[in-house]
Amino acid sequence: MIRESVHCPACGATSLKKNEEIRTEQLTFGPQFQFKEVMYECSSCGESGDFTGETDKNLEVAERHAQESALRNYIEGLSEMHITMAYIERVFELPARTLTRWKSGDFSRTSLAFLRIIVACPWMTEIAENRFDPDFANQVVIREAYKTFGAFVEAKLGSAVAVDVKHGDNSTVVTFSTQGMKSVPSDSEQPIFSVGESGSANTCLAVTGS
Ligand SMILES: [Zn+2]
C-alpha cells in the first residue's frame, strides 16, 4: 500500500509500504490486550519503522483500557475480601473518594502499583491500620507465612487446617490443627505439629493425625 502523506524520515521519499499487524500484550497482573502495529518501509532507501508514531499511540490507548479494567477488578476483588475503598482510604490516609476517582478512570501508574501491592498482599492493609508499627508488621508477615504453609499442609492432608499464631514477649508459637478429621475425636482439635519454644529448646512436634 502506497501512502503519499507520510515521508521517509531518512530520505524523505513518499513511496512507502505500510504493514499493519495486530499485536497482543500482557498487562502485569491483568488482562491481555491487543493493539494495531503500523510499520512503514521506504521503497527508496529501505528504512523501516513506525514513521507516524501511530503504533505507540495505539499501544498507549489499548494499554490504558486494560489498566482501567484491571484497576476495577483490583477494587472489586478487594471488596469481595471485605476490604472496602473507604477502609483503604482511611488506613492509608488518602483523601476521601480517592479510589472512587481511580475507579472512574482518573488514575496514574502509581495508583495501579499501589493497588497491585494490596491485592497481592491484602494484609498490608492491617499493617497500615496499625500505622506501620514494625513489630506488628513482623507478626503479620509471620502469621501470613504460616497461613501459606498451613494451606500447603491442608492440601497434603485433604482436610481443613487451622493455623494459630501466638506472639509472646520472647517467643512466637504456631499451632496447626485439624478440625473434624475422621481419625480425630470430634470433641478435640488434634495438633498436626507446633513450632515454638518449650523451656529453652525450640520444638517441632510432628503428629500426622492418621
Ligand atoms: Zn527512505
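Ala-70 counts as buried because it has 20 C-beta neighbours inside 10 Å. Here a residue is buried if 20 or more other C-beta atoms, placed from the backbone, lie within 10 Å of its own; it is exposed if 12 or fewer do, and partly exposed in between. The model is predicted: local features need pLDDT of at least 70, side-chain atom pairs count only at pLDDT 80 or more, and totals for chains, interfaces and linings use all residues. Residues are numbered from 1 along each chain as its sequence is written.

Ala-70 lies in helix 1. Leaving out residues up to four places away in sequence, Ala-70 touches Leu-27, Phe-29, Gly-30 and Pro-31. Such contacts require C-beta atoms, placed from the backbone, to lie within 7 Å. Ala-70 and Arg-116 are 46 residues apart in sequence, and their C-alpha atoms are 9.4 Å apart.

The protein chain holds six helices and seven strands. Both are DSSP runs numbered from the N terminus: helices are H or I with at least four residues, strands are E with at least two. From the N terminus, the order is β-β-β-α-α-α-α-α-α-β-β-β-β. Of the 210 residues, 14% count as buried. Among contacts between residues at least 6 apart in sequence, 41% join residues at least 24 apart.

Three strands form an open antiparallel sheet in the order 1-2-3. Strand 1 (16–26) and strand 3 (48–49) stand at the edges; each has a single partner strand, so one side of each lacks a neighbour in the sheet. Strands pair if DSSP finds at least two bridges between them. Strand 1 and strand 2 (residues 32–42) pair over 11 bridges. Glu-25 stands opposite Phe-33 in strand 2.

Helix 1 (residues 54–80) packs with helix 4 (residues 109–120) at an angle of about 35°, with their axes 10 Å apart. Axes are lines fitted to C-alpha atoms, for helices over the stretch in contact, and angles run from 0 to 180 degrees between N-to-C directions. Gln-67, Leu-71, Tyr-74, Gly-77 and Leu-78 in helix 1 meet Leu-112, Leu-115, Ile-118 and Val-119 in helix 4. The residues of this contact comprise seven nonpolar, two polar and no charged. Ala, Val, Leu, Ile, Met, Phe, Trp, Tyr, Cys and Pro count as nonpolar; Asp, Glu, Lys and Arg count as charged; the others, Gly among them, are polar.

Helix 6 (residues 134–157) has 24 residues, and at 1.5 Å a residue it should span 34 Å; its end C-alpha atoms are 34 Å apart, which agrees. The expected span is 1.5 Å times one less than the number of residues. Gly-158 follows helix 6 and has a positive phi, near 70°.

Key. Contact = placed C-beta atoms within 7 Å.
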